[in-house]
Amino acid sequence: MRIDLHCHSTASDGTSSPAELVAEAAAAGLDVMALTDHDTTSGWPAAIAARPPGLTLVPGAELSCRWHGGPWPISLHLLAYLFDPTDVALAGQLARIRASRETRAERMVHLMRADGIDVTWAEVLEHAGGGTVGRPHLAQALMRRGLVDTVSEAFLPEWLGHRYRVGKEDLDVFVALRLVIEAGGVPVFAHPRASARGPVVPDEVIEEMAFEGLFGVEADHTDHTPAERAHVRALADRLGLVVTGSSDYHGTNKTVRLGARTTAPAVFDQIVEAATGSDVIA
């Protein structure tokens, strides 16, 4: 079985619609795919309706979180699988985060316009297509004007990485853990040692997360070096956490392809068994 547990659609910052994404997953030879858009479940119905025969769909989300225990806050992402999308507490917090993302993106547009870059907020919203607005949508606006060639280039400090970057609200990671678990979901720490993305939390934080109910860690990720993957695996073994692997697919926004990293079938079975909020679609 080929199992990819971290994929994004146009419901957040991917470039394939939920329906297109499940078709692409089947064409890529995947047996199982998780839809994990940022802070939203809005893509679930379309993905479920369009799911090709033979593809098992795992409804999920990737939660924007932050750890506040060090000298400065550190951003991190929590993958949540098979939770109840109608859970009032979790749904309310996700709505708050989405609203914050939109406010942040609009402020970034104003900063660019102040420098003479003719990006408009209406254009960004149109191309987001009703999905959760993120920096990739702003990056695409810069690409359309020929100011950058790729999303990665747009994320450099002279563009959206610093000059036009605005902070956003996130969930405290321990609050997020509790909300996911109370909604019957299974929490997995996404790319926990991806130092290429910025500061990472110390191992002691992952230990505390494990004590609070963290189920697994995503070790096999493109943004992890071989040494970082080995470190995460050793930590998971010590803490009794499962280890997942995923592509973190974003369509043409990134060069990583579906199924570039995969999860072992036995681990997938453990995740499904642990979930009580919703079911896989098979």
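Which residues does Met33 touch, not counting residues up to four places away in sequence? Keep that one in mind while we get our bearings. What you're looking at is a predicted model, and its protein chain has 11 helices and 8 strands. Now for the answer: Met33 touches Asp4, Cys7, Leu21, Val22, Ala25, Leu55, Thr56, Leu57 and Val58.

**The whole chain**

- A compact globule of 282 residues would have a radius of gyration near 19 Å, and the protein chain comes in at 18 Å, so the two agree.
- Of the 282 residues, 52% count as buried.
- Take the contacts in the protein chain with a separation of 6 or more: 70% of them come from residues 24 or more positions apart.
- The protein chain exposes about 11800 Å², with carbon and sulfur atoms supplying 53% of that area.
- As for charge, there are 24 positive and 37 negative side chains in the protein chain. The centres of these two sets lie 5 Å apart.

**Back to Met33**

- You'll find Met33 in strand S2, which covers residues 32-35.
- Is Met33 buried or exposed? Its relative accessibility is 0%, so Met33 counts as buried.
- For a sense of distance, look from Met33 over to Val201: they are 168 residues apart along the chain, and their C-alpha atoms are separated by 28 Å.

**Aromatic pairs**

- A pair of aromatic rings is described by two things, the distance of the centres and the angle of the planes.
- How many aromatic pairs does the structure hold? There are 2.
- One is made by Trp44 and Phe83: the ring centres are 5.3 Å apart and the planes sit at 50°, so this pair is tilted.
- Trp44 belongs to helix H2 (residues 44-50), while Phe83 is in the loop between strand S4 (74-81) and helix H3 (88-114), so the pair ties together parts that are 39 residues apart in sequence.
- Both partners are tucked away: Trp44 counts as buried at 9% relative accessibility, and Phe83 counts as buried at 1%.
- Then there's Trp159 with Tyr164, whose ring centres are 6.5 Å apart and whose planes are at 35°, so this pair is tilted too.
- Trp159 is buried, with a relative accessible area of 17%, and Tyr164 counts as buried at 5% relative accessibility.

- Why is helix H5 (residues 135-144) described as largely enclosed by the rest of the structure? Because 8 of its 10 residues are buried.
- The buried residues of H5 are Arg135, Pro136, His137, Leu138, Ala139, Gln140, Ala141 and Leu142.
- What do those buried residues pack against? Their partners are H3, helix H4 (121-128), helix H6 (151-154) and helix H7 (157-161).
- After H5 comes Gly146, which has a positive phi near 75°.

**Positive phi without a glycine**

- Here's the background: most residues other than glycine have a negative phi.
- His191 is not a glycine, yet it has a positive phi of about 30°. Look for His191 in the loop between strand S6 (186-189) and helix H9 (203-211).
- His191 is buried, with a relative accessible area of 8%.
- Asp248 is not a glycine either, and its phi is positive at about 55°. Asp248 lies in the loop between strand S8 (242-245) and helix H11 (265-274).
- Asp248 is buried, with a relative accessible area of 2%.

**Ala46**

- Ala46 is found in helix H2.
- Unlike a buried residue, which has under 20% relative accessible area, Ala46 is partly exposed at 35%.
- Which residues does Ala46 touch, leaving out those up to four places away in sequence? They are Pro18 and Ala19.
- Ala46 and Ala19 are 27 residues apart along the chain, and their C-alpha atoms are separated by 5.9 Å.

Methods: Residues are numbered from 1 along each chain as its sequence is written. This is a predicted model: local features need pLDDT of at least 70, side-chain atom pairs count only at pLDDT 80 or more; totals for chains, interfaces and linings use all residues. Side-chain values use heavy atoms; hydrogens and water are left out. Helices (H or I, at least four residues) and strands (E, at least two) are DSSP runs, numbered from the N terminus. The radius of gyration is taken over C-alpha atoms; the globule rule is 2.2 Å times the number of residues to the power 0.38. Buried means under 20% relative accessible area, exposed over 50%, partly exposed in between (1.4 Å probe, protein chains only). Contact means heavy atoms within 4.5 Å. Accessible areas come from the Shrake-Rupley method with a 1.4 Å probe; for residues, only the protein chains shown count as cover. Lys and Arg count as positive and Asp and Glu as negative; His and the chain ends are not counted. The place of a charge is taken as NZ of Lys, CZ of Arg, CG of Asp or CD of Glu. Rings of Phe, Tyr and Trp (its six-membered ring) pair if their centres lie within 6.5 Å; planes under 30 degrees apart count as stacked, over 60 as edge-to-face and the rest as tilted.
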